[in-house]
Amino acid sequence: MFCTDKKNQTLLTVAIAIVIIIALAAMFMGSDDEKQQDEQQTAQKTAITVSASAVLTEAFTDMEKEFEAENPEIDLIMNFGNAGSLRMQIEGGAPIDVFAPGDVNQMDMLASEGLVYNDSRKEFAGSSLVIIVPKGNVLNITDMKDLAKPEVKKIALSDTEASTVGRYAKQSLMEEGLWSSVQNKLLTGDTVKNSLVYVERGEADAGFVFTVDVSSAQPDTIEVVSSVPVSTPIIYPIAVVSATQHAEYSQLFIDFVTGEKGRYILEQYGFIIPQTG
(Lines give C-alpha, C1' and ligand atoms only; values in the text may rest on other atoms or scores of the structure.)
Protein backbone atom coordinates (compact mmCIF):
# COMPACT_ATOMS: atom_id res chain seq x y z
CA MET A 1 0.00 0.00 0.00
CA PHE A 2 2.80 2.35 0.88
CA CYS A 3 4.63 1.54 -2.36
CA THR A 4 1.49 2.19 -4.39
CA ASP A 5 0.96 5.60 -2.75
CA LYS A 6 4.58 6.47 -3.33
CA LYS A 7 4.31 5.41 -6.96
CA ASN A 8 1.15 7.49 -7.41
CA GLN A 9 2.84 10.53 -5.87
CA THR A 10 5.77 10.11 -8.22
CA LEU A 11 3.46 9.88 -11.22
CA LEU A 12 1.56 12.96 -10.05
CA THR A 13 4.79 14.93 -9.64
CA VAL A 14 5.92 13.91 -13.12
CA ALA A 15 2.54 14.86 -14.57
CA ILE A 16 2.64 18.27 -12.90
CA ALA A 17 6.17 18.82 -14.15
CA ILE A 18 5.10 17.96 -17.71
CA VAL A 19 2.17 20.37 -17.51
CA ILE A 20 4.46 23.13 -16.26
CA ILE A 21 6.98 22.46 -19.04
CA ILE A 22 4.25 22.53 -21.68
CA ALA A 23 2.83 25.78 -20.25
CA LEU A 24 6.26 27.41 -20.19
CA ALA A 25 6.99 26.27 -23.72
CA ALA A 26 3.68 27.70 -24.92
CA MET A 27 4.38 30.97 -23.13
CA PHE A 28 7.84 31.31 -24.67
CA MET A 29 6.53 30.35 -28.09
CA GLY A 30 3.82 32.99 -27.68
CA SER A 31 6.42 35.59 -26.69
CA ASP A 32 8.54 34.66 -29.70
CA ASP A 33 5.51 34.92 -31.96
CA GLU A 34 4.63 38.33 -30.55
CA LYS A 35 8.23 39.45 -30.90
CA GLN A 36 8.33 38.26 -34.50
CA GLN A 37 5.06 40.07 -35.20
CA ASP A 38 6.43 43.29 -33.69
CA GLU A 39 9.60 42.95 -35.74
CA GLN A 40 7.58 42.31 -38.89
CA GLN A 41 5.41 45.36 -38.22
CA THR A 42 8.50 47.51 -37.63
CA ALA A 43 10.13 46.16 -40.77
CA GLN A 44 7.01 46.97 -42.78
CA LYS A 45 7.06 50.64 -41.72
CA THR A 46 8.56 53.22 -44.06
CA ALA A 47 11.29 55.28 -42.40
CA ILE A 48 11.23 59.02 -43.12
CA THR A 49 14.22 61.04 -41.88
CA VAL A 50 13.54 64.67 -40.99
CA SER A 51 16.53 67.01 -40.58
CA ALA A 52 15.45 70.04 -38.56
CA SER A 53 17.09 72.93 -36.72
CA ALA A 54 17.67 72.34 -33.02
CA VAL A 55 15.16 75.05 -32.11
CA LEU A 56 12.42 72.74 -33.42
CA THR A 57 13.39 69.82 -31.17
CA GLU A 58 10.52 69.96 -28.68
CA ALA A 59 7.79 70.88 -31.18
CA PHE A 60 8.82 68.28 -33.77
CA THR A 61 9.21 65.60 -31.09
CA ASP A 62 5.58 66.19 -30.12
CA MET A 63 4.56 66.15 -33.77
CA GLU A 64 6.39 62.86 -34.28
CA LYS A 65 4.13 61.12 -31.73
CA GLU A 66 0.93 62.57 -33.18
CA PHE A 67 1.91 61.95 -36.80
CA GLU A 68 2.94 58.34 -36.22
CA ALA A 69 -0.29 57.67 -34.34
CA GLU A 70 -2.21 58.87 -37.39
CA ASN A 71 0.12 57.13 -39.85
CA PRO A 72 1.24 53.83 -38.30
CA GLU A 73 2.87 52.75 -41.56
CA ILE A 74 5.46 55.54 -41.22
CA ASP A 75 8.43 55.67 -38.82
CA LEU A 76 9.71 59.23 -38.42
CA ILE A 77 13.40 59.59 -37.63
CA MET A 78 14.31 63.04 -36.29
CA ASN A 79 17.76 64.51 -36.90
CA PHE A 80 18.31 67.82 -35.08
CA GLY A 81 21.29 70.15 -35.46
CA ASN A 82 22.34 73.55 -36.74
CA ALA A 83 20.96 74.52 -40.13
CA GLY A 84 24.32 74.78 -41.90
CA SER A 85 25.53 71.34 -40.82
CA LEU A 86 22.21 69.76 -41.81
CA ARG A 87 22.41 71.42 -45.23
CA MET A 88 25.90 70.08 -45.77
CA GLN A 89 24.75 66.58 -44.84
CA ILE A 90 22.15 66.75 -47.61
CA GLU A 91 24.72 68.11 -50.06
CA GLY A 92 26.96 65.20 -49.11
CA GLY A 93 24.28 62.67 -50.03
CA ALA A 94 22.96 61.77 -46.56
CA PRO A 95 19.64 59.86 -46.79
CA ILE A 96 17.39 62.74 -45.70
CA ASP A 97 13.74 63.02 -46.76
CA VAL A 98 12.58 66.34 -45.27
CA PHE A 99 14.57 69.48 -44.48
CA ALA A 100 13.34 72.09 -41.97
CA PRO A 101 16.06 74.64 -41.19
CA GLY A 102 15.57 77.69 -39.03
CA ASP A 103 17.07 79.72 -41.84
CA VAL A 104 15.70 80.62 -45.28
CA ASN A 105 19.25 81.07 -46.63
CA GLN A 106 20.15 77.43 -46.00
CA MET A 107 17.04 76.30 -47.87
CA ASP A 108 17.79 78.72 -50.71
CA MET A 109 21.23 77.16 -51.13
CA LEU A 110 19.76 73.68 -51.53
CA ALA A 111 17.06 74.98 -53.86
CA SER A 112 19.67 76.60 -56.11
CA GLU A 113 21.37 73.20 -56.39
CA GLY A 114 18.14 71.38 -57.16
CA LEU A 115 18.36 69.40 -53.91
CA VAL A 116 14.82 70.15 -52.70
CA TYR A 117 11.46 70.12 -54.44
CA ASN A 118 10.48 73.78 -54.70
CA ASP A 119 6.80 72.97 -55.12
CA SER A 120 6.83 71.27 -51.70
CA ARG A 121 8.45 74.24 -49.94
CA LYS A 122 6.44 76.02 -47.25
CA GLU A 123 7.24 78.73 -44.70
CA PHE A 124 5.59 77.27 -41.62
CA ALA A 125 6.80 79.23 -38.59
CA GLY A 126 8.67 82.24 -37.36
CA SER A 127 10.37 83.50 -34.22
CA SER A 128 12.28 86.42 -32.73
CA LEU A 129 15.68 86.83 -31.14
CA VAL A 130 16.29 87.76 -27.49
CA ILE A 131 19.12 88.23 -25.02
CA ILE A 132 19.01 86.08 -21.89
CA VAL A 133 21.04 86.28 -18.67
CA PRO A 134 21.35 84.06 -15.57
CA LYS A 135 18.53 84.50 -13.06
CA GLY A 136 19.11 87.61 -10.94
CA ASN A 137 20.84 89.62 -13.70
CA VAL A 138 23.63 90.65 -11.33
CA LEU A 139 25.44 92.59 -14.09
CA ASN A 140 22.29 94.62 -14.81
CA ILE A 141 22.30 93.90 -18.54
CA THR A 142 19.31 95.56 -20.21
CA ASP A 143 20.18 95.71 -23.94
CA MET A 144 22.81 94.81 -26.54
CA LYS A 145 24.99 97.82 -25.76
CA ASP A 146 25.54 96.49 -22.23
CA LEU A 147 27.32 93.45 -23.69
CA ALA A 148 30.31 95.67 -24.44
CA LYS A 149 30.79 96.48 -20.74
CA PRO A 150 34.12 95.21 -19.34
CA GLU A 151 32.38 93.31 -16.52
CA VAL A 152 30.61 91.15 -19.11
CA LYS A 153 33.18 88.40 -19.72
CA LYS A 154 31.35 85.61 -21.58
CA ILE A 155 28.55 85.80 -24.15
CA ALA A 156 26.96 82.58 -25.40
CA LEU A 157 26.45 82.62 -29.15
CA SER A 158 26.02 79.65 -31.47
CA ASP A 159 28.12 79.23 -34.63
CA THR A 160 27.83 82.45 -36.64
CA GLU A 161 28.22 80.64 -39.96
CA ALA A 162 26.16 77.47 -39.57
CA SER A 163 23.61 78.40 -36.89
CA THR A 164 20.64 80.66 -37.56
CA VAL A 165 20.79 82.38 -34.17
CA GLY A 166 24.51 82.97 -34.55
CA ARG A 167 24.11 84.50 -38.00
CA TYR A 168 21.24 86.79 -37.00
CA ALA A 169 22.93 87.86 -33.77
CA LYS A 170 26.22 88.65 -35.50
CA GLN A 171 24.36 90.68 -38.11
CA SER A 172 22.58 92.70 -35.40
CA LEU A 173 25.78 93.26 -33.42
CA MET A 174 27.54 94.49 -36.54
CA GLU A 175 24.68 96.84 -37.43
CA GLU A 176 24.85 98.27 -33.89
CA GLY A 177 28.64 98.68 -34.16
CA LEU A 178 29.23 96.22 -31.30
CA TRP A 179 30.76 93.21 -33.03
CA SER A 180 34.41 94.20 -32.48
CA SER A 181 33.68 94.89 -28.79
CA VAL A 182 32.17 91.46 -28.06
CA GLN A 183 33.96 89.16 -30.51
CA ASN A 184 36.60 88.08 -27.98
CA LYS A 185 33.97 87.34 -25.33
CA LEU A 186 32.08 84.72 -27.29
CA LEU A 187 31.43 81.29 -25.82
CA THR A 188 30.49 79.36 -28.96
CA GLY A 189 28.46 76.18 -29.36
CA ASP A 190 27.08 74.31 -32.34
CA THR A 191 23.42 75.14 -31.72
CA VAL A 192 21.22 77.57 -29.83
CA LYS A 193 20.61 74.81 -27.26
CA ASN A 194 24.28 75.06 -26.26
CA SER A 195 23.89 78.80 -25.66
CA LEU A 196 20.85 78.18 -23.50
CA VAL A 197 22.70 75.66 -21.35
CA TYR A 198 25.73 77.97 -20.91
CA VAL A 199 23.49 80.71 -19.49
CA GLU A 200 21.44 78.26 -17.39
CA ARG A 201 24.63 77.04 -15.72
CA GLY A 202 26.03 80.55 -15.21
CA GLU A 203 28.95 79.78 -17.51
CA ALA A 204 28.03 82.80 -19.64
CA ASP A 205 26.98 86.27 -18.50
CA ALA A 206 24.50 86.56 -21.38
CA GLY A 207 23.42 84.70 -24.47
CA PHE A 208 21.41 84.95 -27.68
CA VAL A 209 18.49 82.56 -28.18
CA PHE A 210 15.14 82.42 -29.94
CA THR A 211 12.08 83.33 -27.88
CA VAL A 212 10.86 79.75 -28.34
CA ASP A 213 13.96 78.42 -26.57
CA VAL A 214 13.10 80.27 -23.37
CA SER A 215 10.23 77.90 -22.54
CA SER A 216 12.58 74.90 -22.64
CA ALA A 217 15.02 76.37 -20.09
CA GLN A 218 15.35 74.85 -16.64
CA PRO A 219 12.98 76.59 -14.19
CA ASP A 220 14.31 79.73 -12.46
CA THR A 221 17.66 79.72 -14.25
CA ILE A 222 17.40 82.53 -16.82
CA GLU A 223 15.79 85.90 -17.53
CA VAL A 224 14.96 87.56 -20.84
CA VAL A 225 16.31 91.12 -20.72
CA SER A 226 15.94 92.42 -24.26
CA SER A 227 14.67 91.67 -27.73
CA VAL A 228 17.17 91.88 -30.57
CA PRO A 229 16.33 93.90 -33.69
CA VAL A 230 16.80 92.01 -36.96
CA SER A 231 16.73 93.50 -40.44
CA THR A 232 15.12 90.42 -42.01
CA PRO A 233 12.30 88.30 -40.53
CA ILE A 234 13.23 84.99 -38.89
CA ILE A 235 11.26 82.43 -40.90
CA TYR A 236 11.45 78.62 -40.86
CA PRO A 237 10.93 76.84 -44.19
CA ILE A 238 10.33 73.14 -44.84
CA ALA A 239 10.62 71.09 -48.03
CA VAL A 240 10.96 67.57 -49.41
CA VAL A 241 14.55 66.67 -50.31
CA SER A 242 14.73 65.71 -53.98
CA ALA A 243 16.82 62.61 -53.30
CA THR A 244 14.07 61.03 -51.20
CA GLN A 245 12.70 57.63 -52.15
CA HIS A 246 9.46 58.42 -50.33
CA ALA A 247 8.23 61.75 -51.69
CA GLU A 248 4.56 61.01 -50.96
CA TYR A 249 5.14 60.17 -47.29
CA SER A 250 7.55 63.10 -46.92
CA GLN A 251 4.92 65.46 -48.26
CA LEU A 252 2.43 63.92 -45.86
CA PHE A 253 4.59 65.04 -42.93
CA ILE A 254 4.91 68.56 -44.35
CA ASP A 255 1.12 68.69 -44.70
CA PHE A 256 0.87 67.71 -41.02
CA VAL A 257 3.34 70.41 -39.93
CA THR A 258 1.49 73.10 -41.85
CA GLY A 259 -1.95 71.75 -40.96
CA GLU A 260 -4.16 72.48 -37.99
CA LYS A 261 -2.50 70.06 -35.53
CA GLY A 262 1.01 71.08 -36.50
CA ARG A 263 0.22 74.78 -36.17
CA TYR A 264 -1.37 74.15 -32.76
CA ILE A 265 1.77 72.40 -31.48
CA LEU A 266 4.02 75.15 -32.83
CA GLU A 267 1.93 77.82 -31.13
CA GLN A 268 2.17 75.95 -27.82
CA TYR A 269 5.94 76.35 -28.01
CA GLY A 270 5.74 80.05 -28.83
CA PHE A 271 6.36 79.97 -32.57
CA ILE A 272 4.76 82.62 -34.75
CA ILE A 273 2.52 81.12 -37.43
CA PRO A 274 2.73 83.00 -40.77
CA GLN A 275 -0.55 84.34 -42.10
CA THR A 276 -1.70 82.61 -45.28
CA GLY A 277 -4.08 83.67 -48.02
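Are Phe-67 and Phe-256 buried or exposed?

Guide: Both Phe-67 and Phe-256 are buried (under 20% relative accessible area with a 1.4 Å probe, protein chains only; over 50% is exposed, and in between is partly exposed). The model is predicted, so local features need pLDDT of at least 70 and side-chain atom pairs 80 or more, while totals for chains, interfaces and linings use all residues. Residues are numbered from 1 along each chain as its sequence is written, and side-chain values use heavy atoms, without hydrogens and water.

Buried in helix 9 are Ser-250, Phe-253, Ile-254, Phe-256 and Val-257. Down the helix axis these fall within an arc of 155 degrees, so they line one face of helix 9 (the arc uses directions from the axis to the C-beta atoms).

The structure has seven aromatic pairs (Phe, Tyr or six-membered Trp rings with centres within 6.5 Å; planes under 30 degrees apart are stacked, over 60 edge-to-face, the rest tilted). The rings of Phe-60 and Phe-253 are 5.7 Å apart at their centres with planes at 90 degrees, so this pair is edge-to-face. Phe-60 is in helix 2 (residues 57-70) and Phe-253 in helix 9, 193 residues apart. Phe-67 and Phe-256 also make an edge-to-face pair, 5.7 Å centre to centre with 75 degrees between the planes. Phe-67 is in helix 2 and Phe-256 in helix 9, so the pair ties together parts 189 residues apart in sequence. Phe-60, Phe-67, Phe-253 and Phe-256 are among the members of one aromatic cluster, which also includes Tyr-236.

Definitions and conventions
Helices (H or I, at least four residues) and strands (E, at least two) are DSSP runs, numbered from the N terminus.
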